[in-house]
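This report examines selected local features of the structure shown below.

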Amino acid sequence: MSRWIQDGDNVDLTNERKKATFDTERMSAWIHGGAEVLKRRREILAFVKSVDDFNDPVPVEFLSREERILNNARKVVAMTGNTDQIDGSDFFGEGMYYQALTMGRDLHAMSLHYVMFIPTLQGQTDDDQLDEWLTKAISRAVIGTYAQTELGHGTNLSKLETTATYDPATEEFVLNSPTITAAKWWPGGLGKSSNYAVVVAQLYTKGECKGPHPFIVQLRDDETHIPLKGIRLGDIGPKLGINGNDNGFMLFDKVRIPRNALLMRYAKVKPDGTYVAPAHSKLGYGTMVFVRSIMIKDQSTQLAAAATIATRYAAVRRQGEISPGKGEVQIIDYQTQQFRVFPQMARAFAFMAAATEIRNLYMTVTEQLTHGNTELLAELHVLSSGLKSVVSWDTAQGIEQCRLACGGHGYSQASGFPEIFGYAVGGCTYEGENIVMLLQVARFLMKAAEGVKKGTANLADIGAYIGKTGGKTSRLTTHHHYTDKDLIEDLEHVARKQVFRAYDRLKKAQDHLRPEDAWNSVSVELAKASRWHVRLYLVKNFLNKVSLAPQDLKFVLTDVARLYAYDIITSSIGAFLEDGYMTSQQINEVKEGLYECLAKLRPNAVSLVDSWDYDDKELKSVLGRRDGNVYPALLEWAQNSQLNKTEVLPSYHKYLGPMMKDARSKL
């Protein structure tokens, strides 16, 4: 029997779990990387549940912002004080899971301390700086953040306005914010919590600007926590989500810092002001690539949570009759509901598979960089940028579809969707605005297309399709005989066609426009090319991962993977019909394949989302709770409302009561 079935559960949800045609526990082990990893997850879960300091006093939706920040500070101190419970070297796995269980869908005073401040110290300090700062950071003797984004500039790093001007007379840099738009804006924990930061500023020495460089800067007094002279700090106010974190602003007024505040593993400034450039211009990208890499895992986790809630609730909720007189049906039986929710589940599986691959590539590149090998750095930068853009956008849209699929109750914060969406949608803009990321990928694609045209291309596997000739028409006959190879070739055709469409338009535009104007004039087509490039990678990677799955899981995973691919094709029919590459009959076959996937996944849907192994403590949703007892739980949840602490509100005594009394007196 499934470990997810317990006495007292909602009958409909229990029956769904009994329908599964695969072993949920084996699927969980496959998803998370093996039985031992799954065991460790549950050990971490048991520990978190055993510590009272990790519990919230009430559901966080009922806390004020000040209460959330205080609550999160309390929990993060407890969380980081118990890190011996996890493998600290496994941030992608145990670290992220431990934090999700403890902090929920919110950030905290030390989020950037661990995700950006420490990785930057590890990746960009020289040996002396590492000795001075890393122990302080890891031991929590300081709280750091990463201050790069400014009020006036985010993705366009070359135009950051904060300056660090070197003074050889004192061997100091002078940090300054020359304009309002130079204010650092958005860094997590900067507003009130952090007392140190890695600050990215334009480095000036000997009258020349050497571009943006990272500096470690003390912001607040170690004892009083008061901002240091010349540094103005504050919180930027409420946001769409993650309001338990004090995102902040910062301005400098000619603040002096020592020469060795410049992080000098790669670039250096000598005492006399001589600048020593890094051996490779992209070596400083490590921290940003790291964050984008873990973002893909995080985004896939949020979409999976949304799909879990929508799928379980669809099994519990009964509404309407398909056959008159036969009683109300579970809404999961409606094909329209399946069409809305199941593709989001498939996306989450595909994104998780990509997250594993990008993590492995990141670890490989990190190791290579320690030996000065930058061979894979460009590929990782392109792949992480493209995936960050496509995955975060599809995740945001998918979460919203799952919310809509839950009807009116999905609009309640009890559902978990507002928290999930508010947390995840920020990923569309932080760490690189999505369209800008796509255009960075497009530069790689245009270089590849140029190489193919000239016969000089040396393409890695991810871009090899650009150099293929390919067939003029699809080989699809029926969806039952649509092989992975044929499916991938059809996606390659569309991706390749879009790459060369953008390339040809760019070359034509360059005949009469300046290069930058030509690029802008075809930027929509360039972004489309990048999206197809990433979608192709996602499908190929997912199909490959499924092909290596155990035989007893492969059949259901194949349905999931096919649904993901068919959904992409049927959402872009015009691209496949263009130039007669596919016929209307072939498109209809793909649609039939999609509908068949929905029907085949119907009895396995609940067990598939169970396989992600979400405990209620992590899922934090009344609608998606494991036992399916949604309606009593909704009523119980509502009792936490501050408005329910009294039967009659001041608003009645002050406004509504007098209004009605006055109206009655005139009747």
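Which residues does S177 touch, not counting residues up to four places away in sequence? S177 touches A182, L251 and F252, where contact means heavy atoms within 4.5 Å. The model is predicted, so local features need pLDDT of at least 70 and side-chain atom pairs count only at pLDDT 80 or more, whereas totals for chains, interfaces and linings use all residues. Residues are numbered from 1 along each chain as its sequence is written, and side-chain values use heavy atoms, with hydrogens and water left out.

S177 lies in the loop between β3 (172-176) and β4 (184-185); helices (H or I, at least four residues) and strands (E, at least two) are DSSP runs, numbered from the N terminus. With 12% relative accessibility, S177 counts as buried (under 20% relative accessible area; exposed is over 50%, partly exposed in between, with a 1.4 Å probe and protein chains only). The S177 side chain reaches the backbone nitrogen of F252 at 2.8 Å.

Helix α4 (residues 65-80) packs against helix α5 (residues 91-103) at an angle of about 145°, with axes 10 Å apart. Axes are lines fitted to C-alpha atoms, for helices over the stretch in contact, and angles run from 0 to 180 degrees between N-to-C directions. In this contact, N72, K75, V76, A78 and M79 of α4 meet Y98, Q99, T102 and M103 of α5.

Two non-glycine residues have positive phi values.

Conventions. A polar contact is a pair of N or O atoms within 3.5 Å; within protein, one must be able to donate a hydrogen and the other to accept it, and residues adjacent in sequence count only if both atoms are side-chain atoms.
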